[in-house]
Amino acid sequence: QVQVVESGGGLVQSGESLRLSCAASGSSDRIYAMGWDRQAPGKQRELVAHIKSDGSTNYGDSVKGRFTISRDNAKNTVYLQMTALKPEDTAVYYCNAGDYSGGYYYVQGWGQGTQVTVSS
């Protein structure tokens, strides 16, 4: 089981920026793939961004060009830099960490979620 701890959520105005952090702890010699999903009230959970241990990334269509995911492998920590925030970005953001096997991503741990609220 991997422990995942998020930080950095809050209330911002439309157009502003915010950075989320997420640290994973588990096996000391393993570098996890990690990512962020989000869920808004009444909506399905959706992919925000994902980063593999080699640094390759992918993003949800709604955040491409505005959000950037990066990582510090030495700390097993990922960062989500969110810019040009919109009210529709309002959601609970969940961090996850896991491994790839056979080309599939298996989540080993989820964070508790951090609220991001963007006012218009």
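**Exercise 1. Aromatic rings**

Task: How many aromatic pairs does the structure hold, and which residues form the pairing?

Solution. 
Step 1. The structure, a predicted model, holds one aromatic pair.
Step 2. Its members are Tyr-100 and Tyr-105. Their ring centres are 5.2 Å apart.
Step 3. Now classify the geometry. The angle between the planes is 35°. Stacked requires under 30 degrees and edge-to-face over 60. The pair is therefore tilted.
Step 4. Tyr-100 has a relative accessibility of 35%, and Tyr-105 has 24%. Buried would need under 20%, and exposed over 50%. So Tyr-100 is partly exposed, and Tyr-105 is partly exposed as well.

**Exercise 2. Charges over rings**

Solution. 
Step 1. Start with Tyr-100 from the aromatic pair. Lys-52 lies over its face, 4.7 Å from the ring centre.
Step 2. Go on to Tyr-94. Arg-45 lies over this ring, at 3.9 Å from the centre.

**Exercise 3. A salt bridge across the chain**

Task: Where in the chain do Asp-99 and Arg-30 sit?

Solution. 
Step 1. Side chains of opposite charge can pair when their charged atoms come close.
Step 2. Apply the cut-off. A salt bridge needs the nitrogen and the carboxyl oxygen within 4 Å. The N to O distance for Asp-99 and Arg-30 is 3.3 Å, and their side chains meet in a salt bridge.
Step 3. Asp-99 belongs to strand S9 (residues 91-101). Arg-30 is in the loop between strand S3 (18-25) and strand S4 (33-39). They are 69 residues apart, so the pair links distant parts of the chain.
Step 4. Arg-30 has a relative accessible area of 39%, which means partly exposed.
Step 5. Count. The structure has five salt bridges in total.

**Exercise 4. A network**

Task: Which residues do salt bridges with shared partners join into one network?

Solution. 
Step 1. Take Glu-46 and Arg-38. Their side chains form a salt bridge at 2.6 Å, N to O. Glu-46 is partly exposed at 34%, whereas Arg-38 is buried at 5%.
Step 2. Take Asp-89 and Arg-66. Their closest N and O atoms are 2.8 Å apart in a salt bridge. Both residues are buried.
Step 3. Join them up. Arg-38, Glu-46, Arg-66 and Asp-89 form one network through shared partners.

**Exercise 5. Inside the nonpolar core**

Task: Which residues touch the most other members of the largest nonpolar core?

Solution. 
Step 1. This core has 27 residues.
Step 2. The residues with the most contacts to other members are Met-34, Trp-36, Val-48, Phe-67, Leu-80, Met-82 and Tyr-93.
Step 3. Look at the elements. S3, S4, strand S5 (46-51), S7, S8, S9 and strand S11 (114-119) each give two or more residues.
Step 4. Zoom in on Val-48. Beyond four places away in sequence, it touches residues including Trp-36, Phe-67, Leu-80 and Tyr-93.

**Exercise 6. A polar residue in a loop**

Task: Is Asn-76 buried or exposed, and which backbone oxygen lies 2.9 Å from a polar atom of its side chain?

Solution. 
Step 1. Asn-76 sits in the loop between S7 and S8.
Step 2. Its relative accessible area is 8%, so Asn-76 is buried.
Step 3. The backbone oxygen belongs to Arg-30.
Step 4. List some neighbours. Among the residues Asn-76 touches are Cys-22, Tyr-32, Met-34 and Arg-71.

Conventions
Residues are numbered from 1 along each chain as its sequence is written. This is a predicted model: local features need pLDDT of at least 70, side-chain atom pairs count only at pLDDT 80 or more; totals for chains, interfaces and linings use all residues. Side-chain values use heavy atoms; hydrogens and water are left out. Helices (H or I, at least four residues) and strands (E, at least two) are DSSP runs, numbered from the N terminus. Buried means under 20% relative accessible area, exposed over 50%, partly exposed in between (1.4 Å probe, protein chains only). A nonpolar core is a set of buried Ala, Val, Leu, Ile, Met, Phe, Trp, Tyr and Cys residues joined through side-chain atoms within 4.5 Å. Contact means heavy atoms within 4.5 Å. Rings of Phe, Tyr and Trp (its six-membered ring) pair if their centres lie within 6.5 Å; planes under 30 degrees apart count as stacked, over 60 as edge-to-face and the rest as tilted. A charge sits over a ring if NZ of Lys or CZ of Arg is within 6 Å of the ring centre and within 35 degrees of the ring normal. A polar contact is a pair of N or O atoms within 3.5 Å; within protein, one must be able to donate a hydrogen and the other to accept it, and residues adjacent in sequence count only if both atoms are side-chain atoms.
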